[in-house]
Every structure is written in structure tokens, then in C-alpha cells.
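Colleague: Please take a close look at one part of this model and walk me through what you find there.

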2 protein chains.
Amino acid sequence: MASLGELERAVMDLLWAGQEAATANTLRDLLAQSTQPQDGSAGHVGKDLAVTTVLTVLSRLERKGLVERERGTRPHRYQAVSSRADHTAELMHEVLGSAPDREAVLARFIGSVTDNEAETLRKLLGRS
Amino acid sequence: MASLGELERAVMDLLWAGQEAATANTLRDLLAQSTQPQDGSAGHVGKDLAVTTVLTVLSRLERKGLVERERGTRPHRYQAVSSRADHTAELMHEVLGSAPDREAVLARFIGSVTDNEAETLRKLLGRS
DNA sequence: AATTACTTCTACGCCACGTAGAAGTTGCTC
DNA sequence: GAGCAACTTCTACGTGGCGTAGAAGTAATT
């Protein structure tokens, strides 16, 4: 219940970026442009997808519990269930949770964190 | 480059558990028993696999860089490249790394950590 | 009622993974 | 050193997730 496909991730990124709920069409358009805004002159690289494709992906994301849709409005509006930060943190816990040696894992994790982040963590934890 | 299948994970668990390199046959036997050591009387649940199956999985794990094999010895001996803790910590970094808002993620992560673990983290981080 | 906009259903190709037989290779034994 | 036994590699099939989208169904608009 963790990994996302490439397109699924792209859609989630858009949903996480915009604060408001979006329609499939909107997302389709955003996908058509994003990914490579700056472009010499050749073809743009943003995927030019069929709307149904986006809808399929959104359905799958809904099934996975990552996305929520308003069914009332005619063009259904989709939005992420939780923020990217929340979701990522959840993922980290998922990864950590599967380990019987949590402390050891945390030790290794901390060991390879940047100084800045270590500082952030200290602040977040407060001193005992 | 992250997720493992069920069998792949079972094999890694065995390799991580035992400190020494193991052969495909050994692993096959361990897989046949483990998973449900305690058993009323009915059939055991440990997978009874063909050795080739184990070998295939080991090859795939090798390709993924999780396992290393001694090709010299006749029954090749396999072992995990890094400890489970290292691997898990690495995974956590992978998950975290893909986020543009690392600090926010860390905040959420810390927010939902158990008290014990928070304490552990404080110790690990030491004073500034 | 017909047209249009939107959603759901169905589907196909690809790739990872569980699974394992067939074929090839190496080493031991007599 | 010929043959058997053990081991590895090759090939393959079924299943399921994902990218992709057309066909079919449903609702809103005029």
C-alpha cells in the first residue's frame, strides 16, 4: 500500500501543489504543460493524455485512499486526502514500522541526516 | 528501486536474521519451516518451494543490489549486502528525499513517533 | 429530444514477482 | 575419464499493478 506509479505520482504532485480541488480536465491540462516548462523550441515533453486516462488514475488513487472526490458537482472535483508532508511522514513510518529493530534503524537514519536537519529535529524534539 | 515482493522480503528476512552467508538450499529449508513455527497439528504454513524458485528470487535480489553471492564456492553462498537496519534507514531517506518540504515531513514524522522513540532520538542527536 | 459533457466499464500492453521445469555446467566417484 | 549427482542458468507462465484509452452509459443544457 505504498508505491505509486509515475503518472500517479505526477497527479498527486499536482494535487498537492494546488490547494484547491481540481477536475480531471484541469489536471489533464496541467499534465500537458508541466514536467518541462522551459523549452528551447522543440516539442514540449508534458504528457498529452486522454481525459479518461487521468480519470482512471484518479479512481485508482481514490481506491488507494490518497484522493477524495466530490461526487455532487458535475465535473467531479478531486483533492488529496492528506498533505504531501503527512503522506510522506506516514510512508516513513510504514517503512520504519516493518522493522523489528526500530532503534537501530533510527540510529542509522539519524547518522546520515544533514546537519541542518539534525538541528531541525533537535528543535522539534525539544530537550528532554 | 524500493519495494520488495512477499517472497523477496521473506528471503531478505532470513538473510538478515542469520549472520552467515547461506545457500539456496538452506534458505529453501528455512522457508519451508519458518513463517509459523508454532503449529497445533494441522499442516505447516511455511512455503514449500522449489530450489529454483529461491534461486530466481536470489538472482533478482542480487540484481537489485540487496544480495551478494560468493561465486567461488560450489553451492554459491548468499548474503545481504547491508544490514536490515541500514537498508531500512536508506529506504527512509529515499522516501524523505523525494519530498521538497523535508522539514515539514520531519515535523510530521516526529509528531507521530512514540515517546520511547522520541527519547531515543534525543539521545542519538545529542546536544547541538 | 438531441446534443454535449462527463463518468464508468472494459481492455490491452508492459513489467515485476511468484513459481518452477528444462537445459546446461561442474565436480565427485568408480 | 565416463557417468552420475548437485548445482546454476534459461526460459516461461500466471497474476496483478500501472499507463493508456476507446466504448458505453448517464446526466445536464438547450
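**The nonpolar core and the DNA surface**

Modeller: In this predicted model, Met92(A) is in contact with Phe109(A), and with Met92(B), Val95(B), Leu96(B), Val105(B) and Phe109(B) of the other chain, leaving aside its neighbours within four places in sequence. Met92(A) belongs to the largest nonpolar core, which has 30 residues. Met92(A), Val105(A) and Phe109(A), together with Met92(B), Val105(B) and Phe109(B), touch the most other members of that core. At least two core residues come from each of helix H4 (84–97), helix H5 (102–111) and helix H6 (115–125) of chain A, and from each of helix H4 (84–97), helix H5 (102–111) and helix H6 (115–125) of chain B.

The surface near DNA strand C is a separate topic. DNA strand C is surrounded by 23 residues, and the closest are Arg69(A), His76(A), Glu6(B), Leu7(B) and Arg60(B). By class, this surface has 10 charged, eight polar and five nonpolar residues. Sugar or phosphate accounts for 59% of the atoms of DNA strand C within 4 Å of the protein, and bases for the rest.

Individual contacts involve both kinds of group. A phosphate oxygen of DNA strand C lies 3.0 Å from a polar side-chain atom of Arg71(A). Thr56(B) has a side-chain N or O atom 2.8 Å from a base nitrogen of DNA strand C. The elements giving two or more residues to this surface are helix H3 (51–63) of chain A, and helix H1 (6–17) and helix H3 (51–63) of chain B. H3(B) gives the most, with four residues.

Definitions and conventions. Residues numbered from 1 in each chain as written. Chains lettered and ligands numbered in written order. Predicted model: local features only at pLDDT ≥ 70, side-chain atom pairs only at ≥ 80, totals over all residues. Heavy atoms only, no water. Near = heavy atom within 4 Å. Polar contact = N/O pair within 3.5 Å; in protein donor to acceptor, adjacent residues only side chain to side chain. Nonpolar A, V, L, I, M, F, W, Y, C, P; charged D, E, K, R; others polar. Core = buried A, V, L, I, M, F, W, Y, C linked by side-chain atoms within 4.5 Å. Buried < 20%, exposed > 50% of the residue type's maximum accessible area, 1.4 Å probe, protein only. Contact = heavy atoms within 4.5 Å.
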